[in-house]
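This report covers selected features of the structure shown below. It moves from a single residue to strands and sheets, and then to a helix and an interface.

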Amino acid sequence: MSSNKTNINLWKRIAQIAGIFAFVISVILIINYAQYKTIDPVNTELINSLVENLNHNPADSLLRQQIRTVDLLSRKAYFTNQWQVRTGGYLLLLSLAVLVIAMQIIKSNTPKEVVVGETENSFLEQKNARKWISISGIVLVGIALFLALLTHNDLSNEFTIASMKDGGVDAPVENKVSDNETVIIKDSSEKEDIVLNDDTEKAEEVEEVVSNTKEQAQEVKTEKKIVAETNEKKAVVEPEKKLSEYPSEEEIIGNHPSFRGPGGNGISYRKNIPISWDATTGDNVVWKVEIPLHGYNSPIIWEDKIFVSGANSAQREVYCIDRNSGKILWTGEVKDIEGSPATSPEVTEDTGQAAPSLTTDGRRVYAIFANGDIIAFDMEGNRVWARNLGDPNNHYGHSSSLMLYQNVLIVQYDIKKSPKVMGLDFSTGKTLWETPRKVKVSWASPVVVNTGNRTEVILFAEPSVDSYDPLTGKLNWSVKCTYGEVGPSVAYADGLVFAVNEYAKLVAIKTGENPEILWESTDYMSDVPSPVATEELMFMATSYGVYLCYDAKTGDILWEQENDNGFYSSPMMVEGKIYLMDMQGIMHIFKASREYESIGDCPLGEDGMTTPAFADGKIYIRGNKHLFCIGK
Amino acid sequence: MRYSRIKTYIIKIVFFITILMSLQAIDVQAQRFPKPEFDSGHIQPETQVPVPRSDFMEFFDVFVLIVALSVVSWLVLKKRSRRGVFWVSIFSILYFGFYREGCVCSVGSIQNVALALFNPGYKIPLTVIAFFVIPLVYSLLFGRVFCAGVCPLGAIQDIFIWKPQQMKSWLQKLLGLIPYIYFGLAILYAATSTDFIICRYDPFIGFYRLDADFLMFLLGGVFLLTSVFIARPYCRFFCPYGVLLNLFSRVSRQHMTITPSKCIQCKLCENSCPFGAIEEPDMLKIREPRKNTVRRFLILAAIIPALIIVGVYTGSQFHENLAMVHPKVRLAQDILEQKNNPEIQNDSEYVEPLEIEAYRSAGKSDQQLFTEANEIIEDFYVGGMILGGFLGLVFGLTLAGLSIFTYRTDYEPNKGECLSCARCMDYCPVETTNS
């Protein structure tokens, strides 16, 4: 008994010593570690000063030797320190092992302590537990939401914007009013080939906005009054008020504001897009609605509203449709426009009177028709302004879609007589700039992209691909590369513009101050569908049914597929997939990859010539008669 | 007498380690690149490239695991020997801990399984599946015998238990929710190929490998020091694998009991469990009206869907914060910051972070990175919602469970929380009488 007690006392002593030793070692280790982490053996103050001296006296061999000695000492000290930390660690482990063994021996030789306390009131404890779990749950949710609030969940948007900028899709700048506008005015005044209207012309144009209704007349009177009251400064003051009205980057990316998505480059940034449906059975069709007047323009989207237009030789209409229900919310009639021809121009059946797609900035929606009528409605369907741009004199029918950049509505007006590109003030419709073009008639649409240092609007028509400044209309560059009747718009990605036209060639143009053709190909060419490109790949479809993928950098054909129906609709890239609808309305979905990988073929049940629009979880397709909402 | 026994144990342990070390293959030396030549005559040491563990040894690990689990089950259920369990713990510390350096480990295997389920490109080794499944099977059969003495993380804490303090049961229930959060996060990060956070923040791996970041040593030290007074804090309040073992053990076929026959209500075992896993008999003379209990239970059960919705919403809002842990998202953030502040690169003291430099040298475009980062964030959006919903469900079920009051007459182990360490058995006089 006594011996056992002595043994326990001995082990207690051992445990105490081991414990104290472990504690001391721990403290030393922490101090040593702190030193070891702060020392940089090759960058000490002493060595640095000696090296500086040596720089002044490079021939001083004694000093050189001294540096080497000090350097060696410093390195030795460092590695000694490292060794000490490691050895200390082993010692600590050993002392802890001794401590544990001692503790276990003491414990196994000590009679068990029986603690009989007061019995817990289980009911009360459960109540307490419920209370504290509820509180902690609320705190947890609160902290998570607070942290989420701090980051505003903007990361994804920031990446998308950055990705767009890098990929070349234009990401309009947020509403920074004065700086941008100063640039506009300054730049505009410098251009020789830009026709800036004087105040009198502006006043006249505003007069043209006159509509028949009394309210509209009143609005114009007010506007006219403002115009009359302003002097030369007006040009600066007026847009300043309006600049704040154009949408932010997030708003544009979050919508499908124009033909072929934001910037018109064929890429959508929406998510969870359906990959399977069958409109013949109604599978995954949320709704479908008949569009009263026919048109080949593609749907555009702003938040919960979809816009399309329709026309025949007697009527022209703009439709706003509720994205959720498919109900036509309002119909904007396009009539009583000053200068509008009494009879509509003759157009071919496969182009029609309403081929150009609309564009919107979420404040207004803008539409143009085959007779040159251009009109803006507000989101509630009230007419804001309208004018006629003159007879397009286009033998198939005008089809260039509209595009917006900041406060400028860009109109590619490649008509037979005096082709031009125009920048209209989005709020009044008056001409901000107008640049004549030396091109033939075309049916392509503008594409607005950021090519790194600047935003460019890229147009395509025989004989060239041309880049303009969207705010001033100044020609940035021009590359002659095509001939014939140009239908497809260009695609842009990673500094390369891809332009293709039937009977001519497919070219990849390297942009910049001195643009040049990087490669060209004549294997396959498109006459209607526009291409779409990523940094590495370029996808193209043809009206005779071949669709294929090129290596964007070399022009090599990576794969090709064929479809009997042919394509007029342009391919759209979304979520790493290509959506391409053939003329019979079958959507071919495949991976945007170097190797062809089909995801699905989804029928619409009616002919399809337009390009789909995308929203989160939904795809909107305009068939020959109906507008379809596909999704769940 | 006692000294000679300890001496014998130590000799056995040393012999055992020597045998194990001799089984390991000798390192193969290999030189991939030509060595630089030194004029000073310095001889460059040979590069040591350890050979991968042989298949035989990997299956031997599984065999050892099964043997250890079987031995503990036998010791707990048949022999009722705490001492035996203790020695298996020592064995586990030496074998699974110091010899196998804490890897492969059942606790971390959750992540491998999650990654394999969500990433078809990842081929999970059979041994990892075995380490994941086998302890769960034993838990289903015999309770948490893995925790009792086979898990090296639990064992190292167990030997530090000295003066364990009893915690209030409400506090224990509250802290007991942490493993569910850790479990959810570990699955999320593994499934999104972000990180194996259980391994990265394993507080004891540094001790077993005798090598770790200082902070990890510190964290491990804190856990071990805490173990002296709060028994096995990591197992009870952090271990994500414990979540699964707890659930499986609740329905175990044969679980250890405190008393070998009939409880005599002596109260001797009442505070014997350092983990607070003994359920006391209900001493309330007046029972709560059944109507109240049922009503409360129904209310709490009804709010479970609401809690899930709140969880889903919170998870969806918090997803970007969760995604920021992913290295690719972090890199994209750094590059974006660099792009947004190009002037910082003009600073003479600016040094481009290594990650950015490495990424750029790989020749990939920023656009690709941003796109990939966005895809990851999108994954986290879904993952965040699932995690939130899961936690909402856990909170809801816990609250509902706490409204059910079980009236019992004997001291019984809580089958979910009991670690089958067999300490309480030593306190039971019934066993002493019977033996």
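## A residue in β33(A)

A:Leu627 lies in strand β33 (residues 626-631) of chain A; helices (H or I, at least four residues) and strands (E, at least two) are DSSP runs, numbered from the N terminus. A:Leu627 counts as buried because 22 C-beta neighbours lie inside 10 Å. By definition, a residue is buried if 20 or more other C-beta atoms lie within 10 Å of its own, exposed if 12 or fewer, and partly exposed in between, with C-beta atoms placed from the backbone. The model is predicted: local features need pLDDT of at least 70 and side-chain atom pairs count only at pLDDT 80 or more, while totals for chains, interfaces and linings use all residues. Residues are numbered from 1 along each chain as its sequence is written, and chains are lettered from A and ligands numbered from 1 in the order in which they are written.

Leaving aside neighbours within four places in sequence, A:Leu627 is in contact with A:Lys288, A:Val289, A:Ile291, A:Pro299, A:Val308, A:Ile321, A:Tyr620 and A:Arg622. Contact requires that the C-beta atoms of two residues, placed from the backbone, lie within 7 Å. A:Gly326 is 301 residues from A:Leu627 in sequence, and the two C-alpha atoms are 8.3 Å apart in space.

A:Val308, one of the contacts of A:Leu627, has A:Tyr319 in β5(A) as its bridge partner. Strand β4 (residues 305-311) of chain A has six of its seven residues buried, so it is largely enclosed by the rest of the structure.

Strand β3 (residues 300-302) of chain A pairs with β4(A) in the antiparallel sense over three bridges; two strands pair if DSSP finds at least two bridges between them. Here A:Ile300 stands opposite A:Phe307 in β4(A). The two strands form a hairpin with two residues between them, and A:Glu303 in the turn has a positive phi of about 50°. β4(A) also pairs with strand β5 (residues 316-322) of chain A, in the antiparallel sense and over seven bridges. That hairpin has four residues between β4(A) and β5(A).

## Two open sheets in chain A

One open sheet of four strands runs in the order β7-β8-β9-β10 (chain A), with antiparallel pairing. Its edge strands, each pairing on one side only, are β7 (359-360) and β10 (383-388) of chain A. Strand β9 (residues 373-378) of chain A is joined to β10(A) by five bridges in the antiparallel sense, with A:Ala376 opposite A:Trp385 in β10(A). These two strands form a hairpin with four residues between them, where A:Gly381 in the turn has a positive phi of about 95°. β10(A) is mostly covered, with five of its six residues buried.

Another open sheet of four strands has the order β19-β20-β21-β22 (chain A), also antiparallel. Its edges are β19 (491-493) and β22 (516-521) of chain A, each pairing on one side only. Neighbouring strands of this sheet are turned by 20° against each other on average, direction ignored; axes are lines fitted to C-alpha atoms, for helices over the stretch in contact, and angles run from 0 to 180 degrees between N-to-C directions. β19(A) pairs with strand β20 (residues 496-500) of chain A over three antiparallel bridges, and A:Ala491 faces A:Phe498 in β20(A) across this pairing.

## Chain A overall

Chain A has ten helices and 33 strands. Of its 632 residues, 43% are buried. Among contacts in chain A with a separation of 6 or more, 58% are between residues 24 or more positions apart.

## Helix α16(B)

Helix α16 (residues 327-340) of chain B has 14 residues and spans 20 Å from its first C-alpha to its last, close to the 20 Å expected at 1.5 Å a residue. The expected span is 1.5 Å times one less than the number of residues. Buried residues of α16(B) are B:Val329, B:Ala332, B:Ile335 and B:Leu336. Seen down the helix axis, they fall within an arc of 125°, so they line one face of α16(B); the arc is that of the directions from the helix axis to the C-beta atoms. On the face turned away from this buried side are the exposed residues B:Pro327 and B:Glu337.

## The side of chain B that touches chain A

In chain B, 47 residues are in contact with 44 residues of chain A. The elements of chain B that give two or more residues to this side are α8 (169-175), α15 (290-323), α16 and α18 (366-401). The largest share, twelve residues, comes from α18(B).

By class, this side of chain B has 23 nonpolar, eleven polar and 13 charged residues. Ala, Val, Leu, Ile, Met, Phe, Trp, Tyr, Cys and Pro count as nonpolar, Asp, Glu, Lys and Arg as charged, and the others, Gly among them, as polar.
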